[in-house]
Amino acid sequence: MDLKTFKKLYKRFNQFPLSKQEWEAPEYEKYQEALHDDNDCGDWYLKQKIKEAGIHYKRFCCLSMAYRLVEDKLRNIEGNVDRIMTYNKGHKTFGIPIHDGGASYIKIAYCPWCGKDLSGYPVPVARCASGSV
Ligand SMILES: [Zn+2]
């Protein structure tokens, strides 16, 4: 699927709650396939979700990390099992949340998705502000 078509379908299928008629449409299956199997469509989707959350993805090592921080930023932290990555501003550390009802996490030094050393992230806003974030 080309990115232009994907963007149109994103607008159509990103309205929640989605009606049964919409998610049973043949285009919905194609949209889901493109989302998961096409890198351009998948990356564009992640960028949309990250931007909607008010996160500057260029501050992070990769799109995957920035996307996993959306749950950390948007929803309540305690008890949110969708939250699989956290960033602690006070300690400047990334970590894997422990879902014990509190805000505990296991500190990590390297990104689980791209393998980069996380000590240089997030990049200060000023250093990535020139980008089109
Ligand atoms: Zn990464």
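Here is a short chat about reading helix packing, a sheet and domains in a predicted model.

Me: What should I know about the numbering and the model before I start?
Reply: Residues count from 1 along each chain as its sequence is written. The model is predicted, so local features need pLDDT of at least 70 and side-chain atom pairs count only at pLDDT 80 or more, while totals for chains, interfaces and linings use all residues.

Me: How do I read two packed helices?
Reply: You describe them by the angle between their axes and the distance between the axes. Here H3 (residues 26–37) and H4 (residues 39–52) pack at about 90°, axes 5 Å apart. That makes H3 roughly perpendicular to H4, a label for angles of 65 to 115 degrees.

Me: Which residues make the contact of H3 with H4?
Reply: Ala 34, Leu 35 and His 36 come from H3, and Cys 41, Gly 42 and Tyr 45 from H4. Contact means C-beta atoms, placed from the backbone, within 7 Å.

Me: In what order do the strands of the sheet run?
Reply: Strands pair if DSSP finds at least two bridges between them. The open sheet has 3 strands in the order E1-E2-E3, with antiparallel pairing. E1 (86–88) and E3 (105–108) are at the edges with a single partner strand each, so one side of each lacks a neighbour in the sheet. E1 and E2 (residues 93–97) pair over 3 bridges, and Tyr 87 stands opposite Phe 94 in E2.

Me: Where are the domains?
Reply: Bounds come from an automatic or database domain assignment, which gives domain 1 (1–52) and domain 2 (56–133). Their C-alpha centres lie 24 Å apart, and 5 residues of domain 1 are in contact with 5 residues of domain 2.

Conventions. Axes fitted to C-alpha atoms, helices over the stretch in contact; angles between N-to-C directions. Helix = DSSP H or I, 4+ residues; strand = E, 2+ residues; numbered from the N terminus. Parallel < 35°, antiparallel > 145°, perpendicular 65-115°, else oblique. Contact = placed C-beta atoms within 7 Å.
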